[in-house]
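Colleague: I am new to reading models like this one. Could you take me through the ligand site and its surroundings?

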Amino acid sequence: MKFVVLTIFPEMINPFLENGMLRLAVERGLIDARALNIRDYADGKHKETDDKPYGGGCGMVMKPEPLSRAIGAASEIAPTAKRILLTPQGRPFDQAMAHEFSATDGLIFICGRYEGVDERICQGMVDEEVSIGDYVMTGGELAAMVIIDAVTRLLPGVLGGDESAEKDSFSGGLLEHAHYTRPSIFGGESVPDVLMSGNHAKIERWRRETSLIRTFLKRPDLLEQRSFSREEKHVLTEWCRRIEELVG
Ligand code: 4FV
């Protein structure tokens, strides 16, 4: 899978690609990721990539010419890649979109700075606008890295055998169950006995049940659109029964 990040700060991106899971994915040839400096496609001795906004007002806007050339160069590297503009106005990024993107063969990220990019780029050279959250950052670079990370870990062969994306939070629409490791007692708190029982059927049921209850307690919104299995209905009604018993 190819990732091309268009930015005026490639030095923000390269260390990210040279560490951890991303470095392994590059070394295993599972991804081809690079940053292109938009300034390399700017004109004049000052290589301006931004200018004052027409109509006045504060802040600067990214110029269309350097961006359009950089997008052209990126499309030569990854001809079928989706061209994504990172912006608070975009489609909210989530695990479902991460899976959707992981099924494509490439993504080109346009990282805005200042007030944003000239609208003629948005209209003519962008396939999708994506937002990582309802807040305003100083640039799109962090958003590009968030998406590259969440997508790359879904690619076959990236997460080793002992790690799998299948049991992720949000896969199956539920938050992940609690995790414990040695020591068995820490801060006076012991690990739930079921996890020490070696009874995998019981362990799997405990994990499904705690995922469901944690989701109910922490992110009930995730359950609104969700249909429940017979076991899940039983777990939730059992909890309601106990609560009603408690409150009498
Ligand atoms: C953003 C977000 C974001 C807005 C102006 C870049 C900045 C600057 N990108 N999700 N939230 N972008 O705040 O994706 O150009």
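Modeller: Gladly! Of the 17 residues around the ligand, those that come nearest are R113, I132, G133, Y135 and M137; a residue is near a molecule if one of its heavy atoms lies within 4 Å of it. Please keep in mind that this is a predicted model, where local features need pLDDT of at least 70, side-chain atom pairs count only at pLDDT 80 or more, and totals for chains, interfaces and linings use all residues. Residues are numbered from 1 along each chain as its sequence is written, and side-chain values use heavy atoms, with hydrogens and water left out.

Colleague: What kinds of residues make up the shell around the ligand?

Modeller: Ala, Val, Leu, Ile, Met, Phe, Trp, Tyr, Cys and Pro count as nonpolar, Asp, Glu, Lys and Arg as charged, and the others, Gly among them, as polar. By that scheme the shell has nine nonpolar residues, seven polar and one charged.

Colleague: Which element gives the largest share of that shell?

Modeller: Strands are DSSP runs (E, at least two residues) and helices are runs of H or I with at least four, numbered from the N terminus. β5 supplies the largest share, three residues. Both β5 (82-92) and β7 (128-131) supply at least two each.

Colleague: And how should I read the largest pocket?

Modeller: On a 1 Å grid over the protein atoms alone, a pocket is an open set of points where a 1.4 Å probe fits, with protein on both sides within 12 Å along at least five of seven lines; lining residues have an atom within 4 Å of a point. The largest pocket is lined by 25 residues, with L86, T87, P88, E115 and G116 nearest its centre. β5 gives the most to this lining, five residues.
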